[in-house]
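Subject: Structure for your review

Dear colleague,

Please find the structure below, followed by an account of what was found in it. I would be grateful if you read the two side by side.

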Amino acid sequence: MNLQAIPTRTEGHHVEAMGSEQVLFGQARATAFFLNETAALVFSLCDGKRSIEAIVGLLADAYPESAAQVRADVLSVLGNLTAEGVLTLNG
């Protein structure tokens, strides 16, 4: 995955809190995805302006004790959400 790519949300998806869970709804295909804390945070940072590298950097700085795992987690979340059509990668 190109770390300079910019993840952008596709139209028709939104997140709602349901208790302690975050649920990502997709209107076009009538889908729902339960997001764990990491996935919800990564999705929230996909604003169409930040690159993957910037997202990894922000999270590594915020969670220095987990910095070694952050890149793998971000790439996994982005890969899954891209495969589901929730995000596109530009660049």
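Ala 17 stands opposite Gln 22 in S3, where strands are DSSP runs (E, at least two residues) and helices likewise (H or I, at least four), numbered from the N terminus. The model is a predicted one, in which local features need pLDDT of at least 70 and side-chain atom pairs count only at pLDDT 80 or more, while totals for chains, interfaces and linings use all residues. Residues are numbered from 1 along each chain as its sequence is written, and side-chain values use heavy atoms, with hydrogens and water left out.

The sheet

S2 and S3 (residues 21–26) pair in the antiparallel sense over six bridges; two strands count as paired if DSSP finds at least two bridges between them. These two strands form a hairpin with two residues between them, and Gly 19 in the turn has a positive phi of about 70°. S3 also pairs with S4 in the antiparallel sense, over five bridges.

Taken together, three strands make an open sheet in the order S2-S3-S4, with antiparallel pairing. Strand S2 (13–18) and strand S4 (31–35) stand at the edges with a single partner strand each, so one side of each has no neighbour in the sheet. From one strand to the next, the twist averages 25°. Helix H1 packs on this sheet, touching S2, S3 and S4, and the direction of H1 makes about 110° with that of S4. Contact here means heavy atoms within 4.5 Å. Axes are lines fitted to C-alpha atoms, for helices over the stretch in contact, and angles run from 0 to 180 degrees between N-to-C directions.

Gly 26 deserves a separate note. Gly 26 belongs to strand S3, and its bridge partner in S4 is Thr 31. With 6% relative accessibility, Gly 26 counts as buried; buried means under 20% relative accessible area, exposed over 50%, and partly exposed in between (1.4 Å probe, protein chains only). Leaving out residues up to four places away in sequence, Gly 26 touches Gly 12, His 13 and Thr 31. Gly 26 and Val 86 are 60 residues apart in sequence, yet 7.6 Å apart in space, C-alpha to C-alpha.

The helices

The axes of helix H1 (residues 37–45) and helix H3 (residues 67–83) come within 10 Å and cross at roughly 75°. H1 and H3 are therefore roughly perpendicular to each other, a term that covers 65 to 115 degrees; under 35 degrees counts as roughly parallel, over 145 as roughly antiparallel, and the rest as oblique. On the H1 side the contact involves Thr 38, Ala 39, Val 42 and Phe 43, which meet Asp 73, Val 74, Val 77, Leu 78 and Leu 81 in H3. By class, this contact of H1 with H3 has seven nonpolar, one polar and one charged residues. Nonpolar covers Ala, Val, Leu, Ile, Met, Phe, Trp, Tyr, Cys and Pro; charged covers Asp, Glu, Lys and Arg; the others, Gly among them, are polar.

In helix H2 (residues 52–62), Ile 52, Ile 55, Val 56, Leu 59 and Ala 60 are buried. Seen down the axis of H2, these buried residues fall within an arc of 130°, so they line one face of the helix; the arc is that of the directions from the helix axis to the C-beta atoms. The buried residues of H2 pack against strand S1 (6–9), H1, H3 and strand S5 (87–90).

Strand S1

Ile 6 lies in strand S1 and is partly exposed, with a relative accessible area of 25%. Beyond its neighbours within four places in sequence, Ile 6 is in contact with Gly 48, Lys 49, Arg 50, Ser 51, Thr 88, Leu 89 and Asn 90. Thr 8 is also found in strand S1 and, at 24% relative accessibility, counts as partly exposed. Thr 8 and Thr 88 are 80 residues apart in sequence and 5.3 Å apart in space, C-alpha to C-alpha.

Yours sincerely
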